[in-house]
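Please consult the sequence and the coordinates alongside the text.

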Amino acid sequence: MKPHIKTIIICPQCGKPFHFESTRKATYVNCPACSKTIPVRAKEKHVKVVCCPRCKVYQPTRATVRFKCRMCGYSDRMDALKIYYKTLKSRDATLIAQKLNEARKGK
Ligand SMILES: [Zn+2]
Ligand SMILES: [Zn+2]
């Protein structure tokens, strides 16, 4: 199972929630219901799960610009890191990070 970057956006115009999937730095997304253009990077409330390039530990982070590893202290730009999961619920991010770490150890 490959984790996807998926987030739910609620359209401020028509109030309909829709899935938004992104691998790039998307700035705007169009609502599929009313086609309103919605900025998606205005505020970062999401928790993202990233993998530290140095110690390979998956962990949730709210960083938007700079990531700092809680395990080894490694620091890198968020742009440079792969985001494995993105959610508004920090508990989900913690669980995903745990599962990814367990899967990594299992190999
Ligand atoms: Zn809409
Ligand atoms: Zn690390």
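In strand β6, Y58 and P60 point one way while Q59 and T61 point the other, and all are buried; a residue is buried if 20 or more other C-beta atoms, placed from the backbone, lie within 10 Å of its own, exposed if 12 or fewer, and partly exposed in between. The model is predicted: local features need pLDDT of at least 70, side-chain atom pairs count only at pLDDT 80 or more, and totals for chains, interfaces and linings use all residues. Residues are numbered from 1 along each chain as written, and chains are lettered from A and ligands numbered from 1 in the order written.

β6 pairs with β5 in the antiparallel sense over four bridges, where pairing requires at least two DSSP bridges between the strands. P60 is the bridge partner of V49. Six residues lie between β5 and β6 in this hairpin, and K56 in the turn has a positive phi of about 60 degrees.

Helix α1 (residues 90–106) has 17 residues. Its buried residues are A93, I96 and A97; they fall within an arc of 100 degrees seen down the axis, so they line one face of the helix. The arc is taken over directions from the helix axis to the C-beta atoms. R91, E102, K105 and G106 are exposed on the face turned away from the buried side.

Overall, the chain has one helix and nine strands, assigned as DSSP runs (helices H or I, at least four residues; strands E, at least two) numbered from the N terminus. Buried residues make up 17% of its 107 residues.

Technical notes: The expected span of a helix is 1.5 Å times one less than its number of residues.
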